[in-house]
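Have the model open as you read.

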Amino acid sequence: MGDKWTLLAARDMACGKRHFNEFCRSPERLATNILAERWERLVSHGLAAKHASADQSGRDAYRLTVKGKSFGPLLAAMAVRGLSHVKGTKAELTPSFD
């Protein structure tokens with residue numbers, strides 16, 4: 001979870017994104033090769049799980065595991081800090097770590 005791209009991928013999963021095309025539409029415009037590598041990193045560390053998509057036949061989907069959701073309070077605190085202290089920051093997504 002140490003770099004910004006991994007944090008953004010986790011944030012997007014917490015906001016309900018599950019499929020590659022959804023992640024690619026994030027405001028930060030994460031490059032596809034970096035996104036794929038970050039997913040693998042999250043999965044290999046047990047923070048996310050890859051599974052067959054229920055609504056897109058033949059596609060994979062990703063979701064945070066219980067271990068990944070445990071970062072929720074930390075990510076929420078970072079968001080509050082950014083919104084309060086970094087000029088021009090705005091919240092476009094609302095994560096849920098339930």
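At 33% relative accessibility, F20 is partly exposed, where buried means under 20% relative accessible area, exposed over 50%, and partly exposed in between (1.4 Å probe, protein chains only). W39, on the other hand, is buried at 5%, and F23 counts as buried too, at 1%.

Before going further, a word on the source: this is a predicted model, where local features need pLDDT of at least 70 and side-chain atom pairs count only at pLDDT 80 or more, while totals for chains, interfaces and linings use all residues. Residues are numbered from 1 along each chain as its sequence is written, and side-chain values use heavy atoms, with hydrogens and water left out.

Now for the rings. The structure holds 3 aromatic pairs; rings of Phe, Tyr and Trp (its six-membered ring) pair if their centres lie within 6.5 Å, and planes under 30 degrees apart count as stacked, over 60 as edge-to-face and the rest as tilted. Here are two of the pairs:

| Pair | Centre distance | Plane angle | Type |
|---|---|---|---|
| F20 and W39 | 5.5 Å | 75° | edge-to-face |
| F23 and W39 | 4.9 Å | 85° | edge-to-face |

F20 sits in helix α2 (residues 20-24) and W39 in helix α3 (residues 32-44), so their pair ties together parts 19 residues apart in sequence. Helices here are DSSP runs (H or I, at least four residues), numbered from the N terminus. F23, in helix α2, is 16 residues from W39 in helix α3, and that pair links distant parts of the chain. Ring pairs join F20, F23, W39 and Y62 into a cluster.

Methods: Helix = DSSP H or I, 4+ residues; strand = E, 2+ residues; numbered from the N terminus.
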